[in-house]
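Student: I would like to learn how to read the interface between two chains. Could you take me through one example step by step?

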There are 2 protein chains.
Amino acid sequence: MRLIDIIRERRSVRAYKDQPVPEDALARILEAARLAPSARNRQQWKFVVVRDPEKRRKLAEAAGSQEFVAEAPVLIVAVALDPERVMTCGLPTYTVDLSIALTHIILAAWDEGLGTCWTGSFQPEGVKRVLGIPDKYKVVTVMPLGYAADSPQPKERKPLEEIVCYEEFSE
Amino acid sequence: MRLIDIIRERRSVRAYKDQPVPEDALARILEAARLAPSARNRQQWKFVVVRDPEKRRKLAEAAGSQEFVAEAPVLIVAVALDPERVMTCGLPTYTVDLSIALTHIILAAWDEGLGTCWTGSFQPEGVKRVLGIPDKYKVVTVMPLGYAADSPQPKERKPLEEIVCYEEFSE
C-alpha cells in the first residue's frame, strides 16, 4: 500500500480474530523494524515474538488483564538493551529508537492487513518474569498483532492549525 | 510510494541543497504527523515550522553548530506539551507519542523526495529561547527537512536473527 493510505486508514485494534498471522507477513513486519534508524545506528533492541497461548495469557495478566492482549495470536514484546543512555537534549535514547522501530512495525502490519495496538499499561517485572528478560533491560511495549475483529471508529484529530505554528511558538 | 520501498530507501540526510521545500509537500508531511496515534488520543504536541534564515542559524547554534541544521531550508521543532505524564510501565508518554508522529514525518518526507535527520544533540534552553517556547514544555527534536545533497551510504543493520527471538528472551 501507499504510505499515505496506510497512515490515513491505520487505527489501534483492541479486538482480534482467532486467526493465525502468516509467517511471511510476520517476516516482512520484522524486517521493517530491522531497517529502522537508531541513534548512532546502535540498534540496541530485541523483539520477542510470542505465540504460545499460555505465555500470551500470562503476558495479558501482566498487562492489567486487558483481554485483547491475550486474544491476539502474536505478541511482540519490544526490549531496550541500553535503557540508560541519554541524548544531549535530555531525552532517553531508547524510547526514541524503539518508538521509531515500533512505528515501522505498526505501519508494516497495517500494510499486511494486520492490526496492532501500543500498550503501556503493563507491569514490566511481570513481563520480564514470563519471558526471562534480564532486569537491566527495559520492556518498552507488549504489542498485540493480528486480524482486527472490531469495527473502525472515526479518527478524531485536532485540526492542523492547532498543532502547527510558524517561525515561533504559539499556544 | 509503497511503504516498504520508503522504509528500504530512507536514510538520515546530513547535507541539504539550497532549494526550498514546496508548500504542498510540507502540508502533506504535517498532515501525516497530524494523523499519528497518541496515548488516549491526547495529541499533546506542537510542531514549529521554521524557515527564517536567522532563526535557523540560531537553532543550529543551539544544536551544537551542526552545519546541516542551518543548511536545511526548513526546520521542524517538535514540542511536547505534557512532558510529565508517565505510563503504567514507567515510560514517559511524550517520547513515545512524539516519536511516532515524527516517524510519520520522516517517512512522509521521504515519500515527497525530501530528507530529514533526527537530532538529539541540542541545548533545549537555547531552542526554547529562539522560538519562545515556555519552560514547562519539552523540545523533542530539531528536525531539518530538505532535499538531500549528500550521497547515500549503504544501510548497515544487524541480521534479523540477532534482533528477534521467539517465545522467550535470548541474548
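This is a predicted model: local features need pLDDT of at least 70, side-chain atom pairs count only at pLDDT 80 or more; totals for chains, interfaces and linings use all residues.

Student: How many residue pairs are in polar contact across the interface of chain B and chain A?

Tutor: There are 41 such residue pairs between chain B and chain A, with both residues at pLDDT 80 or more.

Student: Which elements of chain B supply the side that touches chain A?

Tutor: Those that each supply at least two residues include helix 1 (3–9), helix 2 (23–34), strand 4 (138–146) and strand 5 (164–166) of chain B. Helix 5 of chain B gives the largest share of that side, ten residues. By residue class, the side of chain B that touches chain A divides into 41 nonpolar, 13 polar and 19 charged residues.

Student: What is the area buried between chain B and chain A?

Tutor: The size of an interface is often given as the accessible area lost when the parts come together. Here the area buried between chain B and chain A is about 6,600 Å², and carbon and sulfur atoms give 61% of it. On the side of chain B, the residues that lose the most area to chain A are B:R157, B:E167 and B:F169, which together make up 12% of what that side buries. The contact takes 73 residues from chain A and 73 residues from chain B.

Student: In which sense do strand 1 of chain A and strand 5 of chain B pair, parallel or antiparallel?

Tutor: Strand 1 (residues 45–50) of chain A pairs with strand 5 of chain B in the parallel sense, over three bridges, and A:F47 stands opposite B:V164, a residue in strand 5 of chain B.

Note on methods. Residues are numbered from 1 along each chain as its sequence is written. Chains are lettered from A and ligands numbered from 1 in the order in which they are written. Side-chain values use heavy atoms; hydrogens and water are left out. Contact means heavy atoms within 4.5 Å. Buried area is the accessible area (1.4 Å probe) that two parts lose on being put together, summed over both. A polar contact is a pair of N or O atoms within 3.5 Å; within protein, one must be able to donate a hydrogen and the other to accept it, and residues adjacent in sequence count only if both atoms are side-chain atoms. Helices (H or I, at least four residues) and strands (E, at least two) are DSSP runs, numbered from the N terminus. Ala, Val, Leu, Ile, Met, Phe, Trp, Tyr, Cys and Pro count as nonpolar, Asp, Glu, Lys and Arg as charged, and the others, Gly among them, as polar. Two strands pair if DSSP finds at least two bridges between them.
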